[in-house]
Amino acid sequence: MTLKIKSIHKNFGGIKALDKCSLEIKKGKITAIIGPNGSGKTTLFNVISNIIKKDKGKTYFDGKDIARLEDFQISRLGISRTFQEVRLFRNLMIKDHLEIALSDSDEKLMQNLFKKKKYDVKKIKGILNLVGLNKSLDTFATDLSYGQRKLLDLAVAIAKPHTLLLLDEPVAGVNPMLRKDIKKILRELNKRGETILLIEHDMNFVMDLAEQIFVMDYGRIIAEGKPKAIQNNPKVLEAYLGD
Amino acid sequence: MIWPYLTHLLILIGIYVILTVSLNLALGYTGLLNLGHVAFFGIGAYTSALLTKAGVPFLLAFIIAGIFASIFGYLLVLATRKLKGDYLALATLGFSFVIYSLMLNWTGLTRGPLGIPGIEKPSFFGLTISSTYSYLIFVAVICILSVFVIYRIVKSPFGRLLEATRDDEMGLRVLGKNTFKLKYKAMMISAFFAGIAGSLFAHYITYIDPSYFTIPEIILLLSIVIVGGIASIKGSIVSTFVILLIPEALRFLALSSSILGPARQVIYAMILLGILLLRPRGIFGRVDLE
């Protein structure tokens, strides 16, 4: 077991964003969360990362209760994530992004005071090759196209040492070619033993990639299972198509 | 006749270079829209003046001035840790007012509007820096050291994290970096140098009162940083020279003092407006601040 969520509740005013939400993510698998807009998928990700504090419930990561940890402490435990909207450091170069993700000693001021910025070029190039981003390492994030920024965002999440990768809509707004590429990248990562939890609206992408799917609606998990079973589940059809 | 005047200007420029480069560390590199820098300057000036008046050796008072200002820097970040952008700017402006009010009203300590006269010239290791020329050398040494340390910080891996904090704090936190720690360290360093600049200022003009640490001073410091360029040390240095020297040209015109003061403010405003319209990133800036 990697991640276990038990009876999570989260209200925004009178709106129940998460309602008794429970799920368990197995190690080494690609798991997807799907559901209509506003069903609570991103809120669930934000609760897992503790960017949003939950009202009730428990979150365990590798058997450890992570409820009281801050977002950066959860990240240090080995949860790496992306957001729906690409979050990059717009005035920094590609190599800076990856070096920040790779380094664990750059926060120490005195240790770094007279050090020059160093880059593990071999490692950085390896990760960029994996995601297929062929740009100069000195390119600034603002000079990248949307698709390239999406790839850099993914590269940063991969570079950060982790045991669980949370991807929030990894192919949203991306052209069909790049979707294929991202699917390949995720498969390759999975082959290497990565545990991936993703949110996605593109059903073909999800059904083709995920081994396990959770369906959310109104903040609840309404169905769970293998892709084929989910496709024929009446509750799921109702959530997507209505009565 | 001209040399003492030039020496005086260079001393002020040296002190302002420390102030603006250190402000750029917090504002430009870390993205903390800090309008409380002038308060750190004032805290340093008063701390050093009061301590030396109480018999503390100058060098110790000078260092304590920086440390005391940096403690206030930490407290300011702690109090405003949930704030960003405009809200942070307003809160730090409020901090400036609080410190100004303390300087003005805590008369038992600061003598209020009467100020502190007769602040002694620095002396250490049996050496008294009494002439303006020797003071210029002293300020130049401290200025170069300060700029060097800040330069090393921003060019280090730690500096890269400060820039990442400015660009996307949440994005950095999910990479496992404690941005609160980064922000308070940046602010403490920035405040430390503002504090020692305050000490240099107090011991140079030998008299301070609260009017030196008010809103026009904040505007002047911000103008220098913005004109020079956000996240550019070189920009802050060049801009300090430009902005402090241009209004000095007015002295050579036969203007009455009632016109001279407002004319300076008009010039500062015109330079700032011109730069914002023509080069929004400043002379050497490469970063847009949101």
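Biologist: Which residue stands opposite A:L3 in strand 4 of chain A?
Modeller: In strand 4 of chain A, A:F61 stands opposite A:L3, where helices (H or I, at least four residues) and strands (E, at least two) are DSSP runs numbered from the N terminus. This is a predicted model, in which local features need pLDDT of at least 70 and side-chain atom pairs count only at pLDDT 80 or more, while totals for chains, interfaces and linings use all residues. Residues are numbered from 1 along each chain as its sequence is written, and chains are lettered from A and ligands numbered from 1 in the order in which they are written.

Biologist: And what is the bridge partner of A:L3 in strand 2 of chain A?
Modeller: On that strand the bridge partner of A:L3 is A:I25, and A:I5 stands opposite A:L23 in strand 2 of chain A as well.

Biologist: How many bridges join strand 1 of chain A to strand 2 of chain A, and how many join strand 1 to strand 4?
Modeller: Strand 1 (residues 3-12) and strand 2 (residues 15-25) of chain A run antiparallel and are joined by seven bridges, whereas five bridges link strand 1 to strand 4 (residues 56-61) of chain A, again antiparallel. Two strands count as paired if DSSP finds at least two bridges between them. The hairpin of strands 1 and 2 of chain A has two residues between the strands, and A:G13 takes a positive phi near 60° there.

Biologist: What order do the four strands of that open sheet have, and which stand at the edges?
Modeller: The order is 2-1-4-5 in chain A, with antiparallel pairing. Strand 2 and strand 5 (64-65) of chain A are at the edges with a single partner strand each, so one side of each is left without a neighbour in the sheet.

Biologist: Switching to the six-strand sheet of chain A, what is the order there?
Modeller: That open sheet of chain A has the order 6-7-8-3-9-10 and mixed pairing. Its edges are strand 6 (79-81) and strand 10 (220-225) of chain A, each with a single partner strand, so one side of each is left without a neighbour in the sheet. From one strand to the next the twist averages 20°. Strand 6 runs parallel to strand 7 (residues 164-168) of chain A with three bridges between them, and A:I79 stands opposite A:L164 of strand 7.

Biologist: At what angle does helix 1 of chain A run to strand 7 of chain A, and at what angle to strand 2?
Modeller: Helix 1 (residues 41-48) of chain A runs at about 145° to strand 7 of chain A and at about 65° to strand 2 of chain A. Axes are lines fitted to C-alpha atoms, for helices over the stretch in contact, and angles run from 0 to 180 degrees between N-to-C directions. Residues are in contact if their C-beta atoms, placed from the backbone, lie within 7 Å.

Biologist: Over in chain B, how do helix 6 and helix 9 of chain B pack?
Modeller: Helix 6 and helix 9 of chain B pack at an angle of about 175° with their axes 12 Å apart. That makes helix 6 of chain B roughly antiparallel to helix 9 of chain B, given that angles under 35 degrees count as roughly parallel, over 145 as roughly antiparallel, 65 to 115 as roughly perpendicular and the rest as oblique. Their contact divides into ten nonpolar, one polar and no charged residues, with Ala, Val, Leu, Ile, Met, Phe, Trp, Tyr, Cys and Pro counted as nonpolar, Asp, Glu, Lys and Arg as charged, and the others, Gly among them, as polar.

Biologist: What about the angle between helix 10 and helix 11 of chain B?
Modeller: Helix 10 (residues 215-228) and helix 11 (residues 233-245) of chain B pack at about 125°, with their axes 8 Å apart, which makes helix 10 of chain B oblique to helix 11 of chain B. By class, the contact of helix 10 with helix 11 of chain B has five nonpolar, six polar and no charged residues.

Biologist: How many residues does the contact take from chain B and from chain A?
Modeller: It takes 24 residues from chain B and 27 residues from chain A. Helix 7 of chain B supplies the largest share of the side of chain B that touches chain A, namely seven residues, and the residues of that side divide into ten nonpolar, four polar and ten charged.

Conventions: Two residues are in contact if their C-beta atoms, placed from the backbone, lie within 7 Å.
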